[in-house]
Amino acid sequence: MASRARPLNLIAPALAALLLALVLAPLAAVGWRGAGMSLGPADWTAVRFSVTQALLSAAFSTLLAIPVARALARRRFPGRGLLVTLMGAPFLLPAVVAVLGLLAVFGRSGVINQALVALGLPPISIYGLHGVVLAHVFLNLPLATRMILQGWLSIPAERIRLAQSLGFGPSETFRHLEWPMLREVLPGVALVILVICLTSFAVVLTLGGGPSATTIELAIYQAVRFEFDLGRAAGLAGVQLILGGIAALAAWILTRPAGFGAGLDRDHSLAAPAGWRRWGDGMALAASALFLVLPLAAVLWRGLPGLGDLPASVLPAAVRSVLVALISALLATTAALTLALAAARHRSTLLEGAAILPLATSGLVLGTGLFLLIQPFAPPMSLALPVTILVNVALSLPYLYRILLPEARALQADYGRLADSLALKGWPRLRWLVLPRLARPLGFGTGIAAALSMGDLGVIALFAGERQATLPLVVSQLTGAYRMEAAASAALILVTLSFALFWACDAGGRRAAA
């Protein structure tokens with residue numbers, strides 16, 4: 001038996017070591033270059049703004065998600081499934097497209113300002129702290145809603161039926177059932193969003209309001225791209241790493257179950273009270289749906305007329321983006337599957353560390369470290385696309401690993417001994433057992449990796465020239481040049497390709513599992 005498992009045991013640790021090197025080597029380069037580096041007042045202003053906007057974004061996203069998740073948990077209505085699906089879309093939506101949609105609604109010539117001017121009122125500005133927070137709420141409110149909704153659905157049916165038999169009204173149900181769940185779930189949700197907002201780049205690049213509204217990520221980009229001050233960039237990246245690591249560790253510690261105990265997995269739903277609570281639930285759902293749909297509809301409205309007159313740079317950039325996304329997704333899925341299968345057979349700290357470590361950093365920090373490693377030997381611009389692929393693999397791998405690990409453990413528990421007794425190993429085991437049984441999560445995870453890579457605007461902004469630009473970078477450049485119609489058309493192509501890649505991979509996995 002031991003000899004049969006040896007090939008997997010050799011490949012998986014070697015892959016884990018390679019992934020650790022991919023993350024730790026750039027971080028070591030950042031630490032070495034930034035050692036003894038004293039940051040100036042502008043840098044500490046960027047640090048304070050990063051923390052402030054992340055705290056506000058996490059607080060607003062989490063608090064606003066509570067009534068939406070509660071309404072979804074206790075109301076049944078036509079289109080509920082579609083609305084829940086919509087709540088998952090912004091996770092796959094490229095940030096640059098989300099920003100462009102918000103500009104179409106809240107920007108200088110957006111729908112809101114046009115209405116204000118028509119009423120004789122002064123226009124509003126989306127740039128600065130409030131614009132960054134608004135964009136982060138748009139991107140993270142659906143994620144918070146889905147996470148909190150899972151907390152409501154985790155309350156056992158037996159507890160709900162007991163509360164109903166005791167005659168609990170809405171206030172008593174909230175105090176004895178819902179509040180204990182929220183008390184356990186909300187800190188973890190807020191900290192997960194805090195980590196995401198700390199590493200945000202595309203949002204601040206477009207909506208930042210000058211030196212007083214600059215984050216660490218944007219300061220790193222400016223230090224490398226415009227000032228070529230690698231020491232300052234390394235110092236900022238070190239601070240970013242410390243903040244992200246603390247937030248990620250806190251999120252991991254505080255994300256816990258509510259402790260209701262096990263139920264019998266029966267279908268259940270909270271009572272749906274009538275009166276003003278029904279109207280309140282309806283308003284929460286309608287407002288959240290309008291908030292999510294309106295910017296996307298604005299991009300569609302503005303982008304459609306310009307599809308026939310796209311800038312020459314859009315189509316080559318789209319081809320590069322698709323190639324980068326496909327290669328990144330293939331490599332990330334292969335690595336995540338290898339690590340998940342190995343972890344299902346033998347628990348290993350090395351495997352867990354390799355799969356989870358990238359969550360503590362960001363694409364721009366890794367890009368800065370790789371820039372420092374490459375710069376003495378070759379022009380970084382010449383390796384822009386390979387470096388982007390490597391960073392995309394590292395950043396998407398934790399999500400894929402978490403998707404595949406439970407399924408791999410179930411597969412090992414159900415069929416592992418039988419496969420070993422039949423000497424089924426290597427390619428035959430992968431073909432006849434693993435791929436058919438894991439086709440559904442493999443397709444879903446590959447689709448997520450492809451969509452995330454398709455919309456990435458981080459490393460490519462550091463390295464790329466005109467010949468290496470991907471579609472998100474072209475959209476950002478068009479937006480910065482105030483060519484909003486062309487940017488909307490390019491963004492429409494970007495979001496269509498992103499969701500098409502996700503749909504093709506996810507549907508392929510479901511079809512293979514059927």
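Is Thr215 buried or exposed, and what is its relative accessible area? Thr215 is buried, with a relative accessible area of 1%. Buried means under 20% relative accessible area, exposed means over 50%, and partly exposed lies in between (1.4 Å probe, protein chains only).

This is a predicted model, in which local features need pLDDT of at least 70, side-chain atom pairs count only at pLDDT 80 or more, and totals for chains, interfaces and linings use all residues. Residues are numbered from 1 along each chain as its sequence is written, and side-chain values use heavy atoms, with hydrogens and water left out.

Thr215 sits in the loop between helix H10 (202-207) and helix H11 (216-225). Helices (H or I, at least four residues) and strands (E, at least two) are DSSP runs, numbered from the N terminus. Asp43 belongs to helix H2 (residues 41-74). Asp43 counts as buried because its relative accessibility is 4%. The table lists the contacts of both residues, where contact means heavy atoms within 4.5 Å. Residues up to four places away in sequence are not counted.

| Residue | Relative accessibility | Touches |
|---|---|---|
| Thr215 | 1% | Ala46, Phe49, Ser50, Gln53, Ser200, Val204 |
| Asp43 | 4% | Arg232, Leu236 |

**An enclosed helix**

Helix H21 (residues 471-480) has 10 residues, and eight of them are buried, so H21 is largely enclosed by the rest of the structure. Among the buried ones are Leu471, Pro472 and Thr479. Tyr482 follows H21 and has a positive phi, near 60°.

**Two packed helices**

Two packed helices are described by the angle between their axes and the distance between the axes. Helix H5 (residues 95-106) and helix H13 (residues 276-303) pack at about 85°, with axes 8 Å apart. Axes are lines fitted to C-alpha atoms, for helices over the stretch in contact, and angles run from 0 to 180 degrees between N-to-C directions. H5 and H13 are therefore roughly perpendicular (65 to 115 degrees). H5 contributes Val97, Leu100, Gly101, Leu102, Ala104 and Val105 to the contact, while H13 contributes Leu294, Pro295, Ala298, Val299 and Arg302.

**Confidence**

pLDDT is the predictor's confidence in each residue, from 0 to 100. The chain averages 79, and 86% of the residues score at least 70. Where pLDDT is low, the predicted coordinates should not be read in detail.

How values were computed
Parallel < 35°, antiparallel > 145°, perpendicular 65-115°, else oblique.
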